[in-house]
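Colleague: I am new to this structure and would like to learn how to read its core and the packing of its helices. Could you take me through them step by step?

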Amino acid sequence: MAKRMKEKAARVEERREKRPFATAKYVRISPDKVRIVLALIRGRSVAEAMAILQATPKAASEAIFKVLNSAAANAEHNKDMSIDDLYVAEAFANAGPTLKRYQPVSKGRAHHILKRTSHITVILDSKEGL
């Protein structure tokens, strides 16, 4: 079983290098809030995903729009791919480092405040590869 898992991991890694992607690190928004918006664009064409992000009133949509735009530019410039043929193959947000802060409250006490950060990754692929 381990042999098949290694072969699958090698295939995935080999495929990932060919696909254009972009990553935004240390974005000051919670990964849970980002994942809600990423679910809206996963599997959509780039043009449709950009339209959805511009119409979505969530704080994460601006950061995701920038990452998607960067991934499309990477595809066009580095891989010589047409943006019209691309779709969002994978989109995920991992947790970055958490900033720990304190909110002073009554009687000399303090409450913890966790200011979470995200690493947002968008991977594109061409429709003809389906």
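Colleague: Which residues in the largest nonpolar core touch the most other members?

Modeller: In this predicted model, the largest nonpolar core has 28 residues, and those that touch the most other members are Val34, Leu38, Ile64, Leu68, Ile120 and Leu124. Two or more residues each are given to this core by strand 1 (21–27), helix 2 (31–41), helix 3 (46–55), helix 4 (60–78), strand 2 (86–95) and strand 5 (118–126), and the largest share, 8 residues, comes from helix 4.

Colleague: What is Val34 in contact with, leaving aside its neighbours within four places in sequence?

Modeller: Val34 is then in contact with Ile29, Ala60, Ile64, Ala93, Ser118 and Ile120.

Colleague: Which residues of helix 2 are buried, and what covers them?

Modeller: The buried residues in helix 2 are Pro31, Val34, Val37, Leu38 and Ile41. Because they cover an arc of only 125° around the axis, they lie on the same side of helix 2. Their cover includes helix 3, helix 4, strand 2 and strand 5.

Colleague: How do helix 2 and helix 4 pack?

Modeller: One looks at the angle between the axes and then at the residues that meet. The axes of helix 2 and helix 4 are 9 Å apart, at an angle of about 55°, and the two helices are therefore oblique to each other, with a right-handed crossing. At this packing, Lys33, Val34, Val37, Leu38 and Ile41 in helix 2 meet Ala60, Ser61 and Ile64 in helix 4.

Colleague: What follows helix 2?

Modeller: Helix 2 is followed by Gly43, whose phi is positive, near 90°.

Technical notes:
Residues numbered from 1 in each chain as written. Predicted model: local features only at pLDDT ≥ 70, side-chain atom pairs only at ≥ 80, totals over all residues. Heavy atoms only, no water. Core = buried A, V, L, I, M, F, W, Y, C linked by side-chain atoms within 4.5 Å. Buried < 20%, exposed > 50% of the residue type's maximum accessible area, 1.4 Å probe, protein only. Helix = DSSP H or I, 4+ residues; strand = E, 2+ residues; numbered from the N terminus. Contact = heavy atoms within 4.5 Å. Arc of directions from axis to C-beta. Axes fitted to C-alpha atoms, helices over the stretch in contact; angles between N-to-C directions. Parallel < 35°, antiparallel > 145°, perpendicular 65-115°, else oblique. Left-handed = near helix turned anticlockwise from the far one by under 90°.
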